[in-house]
Amino acid sequence: MARVKTYVRPMQGWWRKNPYYVRYMIREASSVFLAIYTVILLVGLYRLTQGEAAWDAWRAALTSPGSLLFHWLALLTVGYHAYTWWKVAPKTAPDLRIAGRPLPELVVTAGGCLATLGTSVLVYVIVRWM
Amino acid sequence: MQSVQTDVIVVGGGGAGLRAAIAVAQSDPRLRIALVSKVVPMRSHTVAAEGGSAGVIRTDDSLDNHFDDTVSGGDWLCDQGVVEYFVAQCTAEMTQLEHWGCPWSRKDDGHVNVRFFGGMKVQRTWFAADKTGFHMLHTLFQTSLRFPSIQRYDEFFCADLIVEDGRVQGVVAIEIATGEFYLIECKAAIICTGGAGRVYGQNTNAGIVTGDGMGMAFRHGVPLRDMEFMQWHPTALPGTGILITEGCRGEGAILTNKDGYRYLQDYSLGPPDPWPRPKAMELGPRDRLSQAFWHEEQKGRTVATPLGQVVWLDLRHLGAATIHERLPLITEVAKTFAGVDPVVAPIPVRPAVHYTMGGILCNGQTETPLRGLYAAGECSSVGIHGANRLGSNSLAEIVVFGKVAGERAARYVKAVPAGKSEAARRQADAVEARLVGMLGRDKGERVATIRDEMHDAMETGVGIFRKADGMQAACAKLALLRERYGRGLKLDDRNRAFNTEWLSAIELGFTLEIAEVLAQSALNRKESRGAHTRLDEFKERDDVNFLKHTLAYRTGDGPPRLDYAPVTITKSPPKTRVYGGEGKKAVMT
Amino acid sequence: MADTRTIEIEVLRYNPEKDSEPHFQTFTVPFTHDTSVLQGLQYIKDHLDGSLTFRWSCRMAICGSCGMMVSGKPELSCHTFLRDYYPGKVRVEPLNHFPILRDLAIDQTDFVKNKLPSIKPYVVPKQEKAVSAGTYLQTPDQLRKYYQYSQCINCLLCYAACPQYGLNPKFTGPAALALLHRYNADSRDRGWDERAELLNAEEGVWGCTLVGYCSEVCPKQVDPAHAINQNKVNSTMDYFGVLKLLMPKGGA
């Protein structure tokens, strides 16, 4: 093939050309919010080990307007992240069959989302009640 | 021009070509093999075959049954010695494919399942859902990758044979991507280029089925045998001609006309039992079913659609489970191309040209009269199909005779010396000059014009039913078209690199010659037999004068010279060809 | 025909003998309710411009020849219909992520000559079995374990869909990895070890970030995303040496 002058199209801006890819990039970007949130929690854990004053200061910082804005965005994007996680989860499992019929992907996705929601509500109730 | 030396060339990378290449490789890994195909092998038309491949495995079946079904199916024009050999090899070849990974459909106990097919007394058609050709081709192609001695030349268009000293010494091929010419020298060549269905307009065939190999062999003095026998598959979609497999009928589907009437009972195929019966009604042979459609159309009992007259192929009574499990491809095809879900509505179908029973003359060992040239698969006339092919005998044919061709060629090349390169080179240069010369013209007719007129002539004059005056008109028109072609076509595309307009013009040259052979052979067969049926004074089979093969030899620019050769009868003397009648209910598997 | 209308087809042209880069050319084509994009291109070639170059063969979505980008999405042109784009234009381009040879014909050699053979796409049996010994037994359940993955027609739409392949052509890619899984999952095959190095490599299953567009565009519902990502679990278990413990290959 070396003798033929083939043309290689550039990949620049590839993800903007198809709505499927845009959704994929948003999905991937949501993990940035998840990562930042994880770091905030880890910092809080560390502050806990430093004593009550440090812990209270950390908690106070969380109530700032910037922090509230971040946390609301994080709730949305991490929620979306969880949904897309469960959407692709069936692809990582082997061919699942129930009573000889293939398990529909919707069952795994819906079940997973419900379980995530349910666990989140449970944790919220426990924390609030404590 | 590039030069390559090899031992065996296989032209065509479909089922027969791949099987032949593997057979050469297995018989001697030191032999060099060049597999030359104008498409990447998995695109070969074997891929579109649907229903299945025959091989006796049931205890209530026998080789004699398969033999009898095939010979009577061929209206006694088969060479029976070759049929005897063929039926005895089928099961072993199907088993070999299974070992190589072919996903045959199974019974619950893990054994291979077999289904009924048209014209067959007992179930013996192995099937892989309704995509048998697809699975066989991919199995063969992927298995061929195990053999490093098979050197592939993908998307190389074989344009001519090199014949020197009365034997094949090479091929001239065009590397499609660049337009560069290659002289591939060999000691033996196996032609596996498939049929010539694109001689007609309405056909189930892919665009590549243009009879190139038949044309090449023909131009070098090899006769084409029994070309008048073209098979119309009874159930193809109107418009596109896309195939709806006989496997539907093997599962129990029925054909009805515009009154919802199972019309086949009017054509000696009945009685119409409410259940399927082997060799009766919808399980009759293809030529009879296609002819029945023509009669129904004449009587005004077919259904008019924007794409032509049709009848209904009704699968609804089979139920969604069976349809989705056994016939997933045609379900998809019917929905996509006809807008019909076969679970809830019948599929509109009509006959379309499907298979070329005739082809390059060869004996039962695939040897053609030209030394060093072998032919296997649909491009060949090895003698098993006679005047009408039974469904599922073709997928079996390609592997049985692909293997024979490979083994024979392998043995032959060890016994012959290499050819004369300079003489081969001079011939190849002449071929290149001729073909490159086609690129320069800015005056002349377009490819599509000649092609469409050829299609009209064939559909009108050499259709399912034929008359002397119609065939004569077709012969005259085809001679004229060959002349117009010979004056040169105008090509928009002047490139050397990837010039598919140029290639289709070269293909048209082959197809036109084959069309003329077909029409002339048909005109001169003054009887009706199998797929060649006449409505003039020759309505009956004539075993006294025409129990013989037609051989067509090229004479240059004029029509072919026809000769005849005897048919080999061994165990089955010609009888009346009877289907339908009283019989047992089929046990569907 | 009463319902014949016309539609504009905008095609990306590239002639290696004349062009330094591709450019669009628009044609006006008559069509009816069941005219496919392929038939539209054939009309152009037959009547308007014989130099328009594209691959096609079976016309029934089984040979895999006619893959191209139709209005930005990878499709088989033989079963994509002009009526679904009317009255807008149809934009036809060669499959993404492959070098263009000419017009709509791409260079397929990376798949056909490298990726496909590299995964050893053939049965590696426990021991060679004579044909006279008959077929292997394979129950419908055993067939179901791999059958879906054997449906691939090698049309390359999934490679055109996969941005990882586009960004890094060393990635083995969806179709090849699905075929790899097809053979591993076949009860007659014992080739896991021979294919393991490729499967476990960065260019193997780990090159996939589960974009999932490959499975979206596959015309045969092969679901290569599933084939690849379930093997990430297998690959991990293989890494920790527990694969053979948990998944012994049954007898065949």
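Two residues are in contact if their C-beta atoms, placed from the backbone, lie within 7 Å. With that in hand, take Ile190(B): leaving aside its neighbours within four places in sequence, it is in contact with Val8(B), Val10(B), Val11(B), Ala20(B), Tyr374(B), Ala376(B), Ala405(B), Gly406(B) and Ala409(B).

## Before we start

What you're looking at is a predicted model, where local features need pLDDT of at least 70, side-chain atom pairs count only at pLDDT 80 or more, and totals for chains, interfaces and linings use all residues. Residues are numbered from 1 along each chain as its sequence is written, while chains are lettered from A and ligands numbered from 1 in the order in which they are written.

## The nonpolar core

Ile190(B) turns up again in the largest nonpolar core, which has 270 residues. A nonpolar core is a set of buried Ala, Val, Leu, Ile, Met, Phe, Trp, Tyr and Cys residues joined through C-beta atoms within 7 Å. A residue is buried if 20 or more other C-beta atoms lie within 10 Å of its own, exposed if 12 or fewer, and partly exposed in between; here too the C-beta atoms are placed from the backbone.

Which residues touch the most other members of this core? They are Val8(B), Val36(B), Ala173(B) and Ile190(B). Helix 14 of chain B gives the most to the core, with 14 residues. (Helices are DSSP runs of H or I with at least four residues, strands are runs of E with at least two, and both are numbered from the N terminus.) In soluble globular proteins, nonpolar side chains tend to be buried together.

## A sheet in chain B

Chain B has an open sheet of 4 strands in the order 1-10-9-8, with mixed pairing. Two strands pair if DSSP finds at least two bridges between them. At the edges sit strand 1 (2-5) and strand 8 (156-164) of chain B, each pairing on one side only. On average, neighbouring strands of this sheet are turned by 25° against each other, direction ignored; the axes behind that angle are lines fitted to C-alpha atoms, for helices over the stretch in contact, and angles run from 0 to 180 degrees between N-to-C directions.

Follow strand 8 of chain B to its partner, strand 9 (residues 167-175) of chain B: the two pair in the antiparallel sense over 8 bridges. Leu161(B) stands opposite Val171(B) in strand 9 of chain B.

## Two buried residues in chain B

Ala352(B) belongs to strand 17 (residues 347-356) of chain B. Why does Ala352(B) count as buried? Because it has 27 C-beta neighbours inside 10 Å. Not counting residues up to four places away in sequence, Ala352(B) touches Gln202(B), Asn203(B), Thr204(B), Trp232(B), His233(B), Ala236(B) and Gly241(B). Ala352(B) and Pro238(B) are 114 residues apart in sequence, but 8.4 Å apart in space, C-alpha to C-alpha.

Now for Arg249(B), which lies in helix 6 (residues 247-250) of chain B. Arg249(B) counts as buried because it has 27 C-beta neighbours inside 10 Å. Its contacts, with residues up to four places away in sequence left out, are Gly118(B), Glu282(B) and Leu283(B). Arg249(B) and Val310(B) are 61 residues apart in sequence and 17 Å apart in space, C-alpha to C-alpha.

## Domains of chain B

Domain bounds come from an automatic or database domain assignment. For chain B, this gives domain 1 (235-351) and domain 2 (437-566). Their centres, taken over C-alpha atoms, are separated by 30 Å. Each domain of chain B puts 5 residues into the contact. On the domain 1 side, helix 7 (residues 286-298) of chain B supplies the largest share, 4 residues.

Chain C has 10 helices and 7 strands, and its C-alpha trace spans about 65 × 40 × 30 Å along its principal axes. Of its 252 residues, 53% count as buried. Chain C is divided into domain 1 (5-106) and domain 2 (109-246), with 31 Å between their centres, taken over C-alpha atoms.

How many residues does each chain bring to the contact between chains B and C? The count is 45 from chain B and 45 from chain C. On the chain B side, helix 3 of chain B gives the most, with 5 residues. That side divides into 20 nonpolar, 16 polar and 9 charged residues. In this sorting, Ala, Val, Leu, Ile, Met, Phe, Trp, Tyr, Cys and Pro count as nonpolar, Asp, Glu, Lys and Arg as charged, and the others, Gly among them, as polar.
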